[in-house]
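Please look through the sequence and the fold together before reading on.

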Amino acid sequence: MLSIETSRLRVFPLPLAQLRLWAEDLPALERSLGYAYRGVPVEKALGDARRLLAAAEEAGESPYRTVWMLVQREEGVIIGSAGFKGGPDEKGEVEIRYAMGKDYRRRGYMTEAVKAICCWALEQPEVAHITAETDLVSYPSQRILERLGVQKRGMALIGDQIFTDILCGNLSGI
């Protein structure tokens, strides 16, 4: 099983069976993994979980079509999640996404996790660049990317929200 160890975290993608548990039965996932879940409330992530599950069931298991769990090693709890919004496109770009449990924010965990996942992705031959979209007023999310040396590529208006599109293919902070 793919797993990345950082100084404080264990980061790993869920296989299809556990992704299904994340979308449908969190207590069963906790038992399966041996970790309590302290990340973003599942209700907030449920739409994303179901979308990922449908994509994985249709196209097959892939580290790009699942959620990656962020386990704080000292406490042995899941504190957040990250992953990609799908596999690389024709330009070799993948978009990263991430969410942290409220009690674990502002401690550098997400910067550590995003760095680890981006390093893994950039080692894959099919990945040339990693992108991320953040809400214009999501300053903590933007700071994570800035700490890793990302370069802003532009902005997009989607519905009534403004997003900053970030290109982080050559992360200077890594």
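Which are the buried residues of helix 1 (residues 16-24)? In this predicted model, the buried residues of helix 1 are L16, Q18, L19, W22 and A23. Seen down the axis of helix 1, these buried residues fall within an arc of 160°, so they line one face of the helix. The face of helix 1 that is turned away from this buried side carries the exposed residues A17 and E24.

The largest pocket holds about 910 Å³ of space, and 33 residues line it, with Y98, A99, M100, S138 and S141 lying nearest its centre. Two or more residues of this lining come from each of helix 3 (42-59), strand 5 (77-84), strand 6 (93-100), helix 4 (109-122), strand 7 (129-135) and helix 5 (139-147). Sorted by class, the lining of the largest pocket comprises 16 nonpolar, 6 polar and 11 charged residues.

The cysteines deserve a separate look. A disulfide is a covalent bond between the sulfur atoms of two cysteines, and the count of disulfides in this model comes to 0. For C119, the closest cysteine sulfur is that of C118, at 7.3 Å, which is too far for a bond, because a disulfide requires a pair of cysteine sulfur atoms within 2.5 Å.

Conventions: Residues numbered from 1 in each chain as written. Predicted model: local features only at pLDDT ≥ 70, side-chain atom pairs only at ≥ 80, totals over all residues. Heavy atoms only, no water. Buried < 20%, exposed > 50% of the residue type's maximum accessible area, 1.4 Å probe, protein only. Helix = DSSP H or I, 4+ residues; strand = E, 2+ residues; numbered from the N terminus. Arc of directions from axis to C-beta. 1 Å grid on protein atoms, 1.4 Å probe; cavity = no way out; pocket = protein on both sides within 12 Å on 5 of 7 lines; lining within 4 Å. Points joined across faces, edges and corners; volume = space filled by probe spheres on them. Nonpolar A, V, L, I, M, F, W, Y, C, P; charged D, E, K, R; others polar.
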